[in-house]
Amino acid sequence: MSGRNLKAISCFIFTVSLVLFITSCDGTYGNLKSPDELKNFRNDQASLVLSDDGELIGKYFSENRTNVSYNQIPKDLINALIATEDVRFFEHKGNDTRSSLRVLIKTIMLGNRNSGGGSTITEQLAKNICGRKHSDPFSLIVYKIREARIARRLEKYYSKEEILTLYLNTVPFGENVYGIEAAANRFFSK
């Protein structure tokens, strides 16, 4: 490959990277949450209707969710989550470069779909907080950049335990069930 071709490819990659970075920041593909929005994030929760003796009569919600605290989450659940989703959770600051490179090389370049994902728990939390509206390949790249940036911010404002708690309270389990408490109740009556 000639020096001229290498310069052209480098210039193209730089330009595409710059466009992706700008579109991840300018709101084209959703809001890049401000520090205040992230510091003050609160999940929507179901409203519970209780009888005089404290028995649950009904629940009203747009998202079926009841938040739990870190101390209410079983340690085995936390260990299983970290083991399956983000083994280096306590070592990184929101982004795991090794996992991202593995996805780039094994999944994207070599086509191995069984090599696992590259998103950290914190990046998944960022996705749960901000959501995704588009599903085309270009928007996926922009969303990933946005989620990586938000994950770095989340790690500045929250402890690892708070991130795990927020994640387990935001994760969707299907059937309009959000968060670990609602999922345990819905699927296991616990």
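Trainee: Leaving aside its neighbours within four places in sequence, which residues is Glu147 in contact with?
Mentor: Glu147 is in contact with Glu123, Ala126, Lys127 and Arg132 once those neighbours within four places are set aside, where contact means heavy atoms within 4.5 Å. Please keep in mind that this is a predicted model, in which local features need pLDDT of at least 70 and side-chain atom pairs count only at pLDDT 80 or more, while totals for chains, interfaces and linings use all residues. Residues are numbered from 1 along each chain as its sequence is written, and side-chain values use heavy atoms, with hydrogens and water left out.

Trainee: Okay, and where does Glu147 lie?
Mentor: You will find Glu147 in helix H6, which covers residues 137-157; helices (H or I, at least four residues) and strands (E, at least two) are DSSP runs, numbered from the N terminus.

Trainee: Why does Glu147 count as buried?
Mentor: Glu147 counts as buried because its relative accessibility is 2%; the cut-offs are under 20% relative accessible area for buried, over 50% for exposed, and partly exposed in between, with a 1.4 Å probe and protein chains only.

Trainee: Changing topic, what about Lys160, is that one buried or exposed?
Mentor: Lys160 is buried, because its relative accessible area is 14%. Lys160 belongs to helix H7, and its contacts, again leaving aside neighbours within four places in sequence, are Phe89, Phe90, His92 and Glu155.

Trainee: How many of the residues of H7 are buried?
Mentor: In helix H7 (residues 160-170), 9 of the 11 residues are buried, so this helix is largely enclosed by the rest of the structure. Those buried residues are Lys160, Ile163, Leu164, Thr165, Leu166, Tyr167, Leu168, Asn169 and Thr170.

Trainee: What do they pack against?
Mentor: The buried residues of H7 pack against helix H3 (75-85), H5, H6 and H8, and also against strand S3 (172-174) and strand S4 (177-178).

Trainee: And Glu181, where is that found?
Mentor: Glu181 is in helix H8, residues 180-188, and it counts as partly exposed because its relative accessibility is 23%. Not counting residues up to four places away in sequence, Glu181 touches Lys59, Thr66, Val68 and Lys190.

Trainee: How many residues apart are Glu181 and Asn67 in sequence?
Mentor: Glu181 and Asn67 are 114 residues apart in sequence, yet in space they are 6.8 Å apart, counted from C-alpha to C-alpha.

Trainee: What about Ala46 and Tyr60, how many Å apart are they?
Mentor: From C-alpha to C-alpha, Ala46 and Tyr60 are 5.5 Å apart, and 14 residues separate them in sequence. Ala46 sits in the loop between helix H2 (35-39) and strand S1 (47-50), and it is buried, because its relative accessible area is 13%. Apart from residues up to four places away in sequence, Ala46 touches Lys59, Tyr60, Phe61, Glu63 and Arg65.

Trainee: Stepping back, how many helices and strands does the protein chain have?
Mentor: The protein chain has 8 helices and 4 strands, and read along the sequence they follow the pattern α-α-β-β-α-α-α-α-α-β-β-α. Among the strands, S2 runs over residues 56-60 and includes Leu56.

Trainee: And what share of the chain's residues is buried?
Mentor: Of the 190 residues of the protein chain, 34% count as buried. As for contacts with a separation of 6 or more, 60% of them in the protein chain come from residues 24 or more positions apart.
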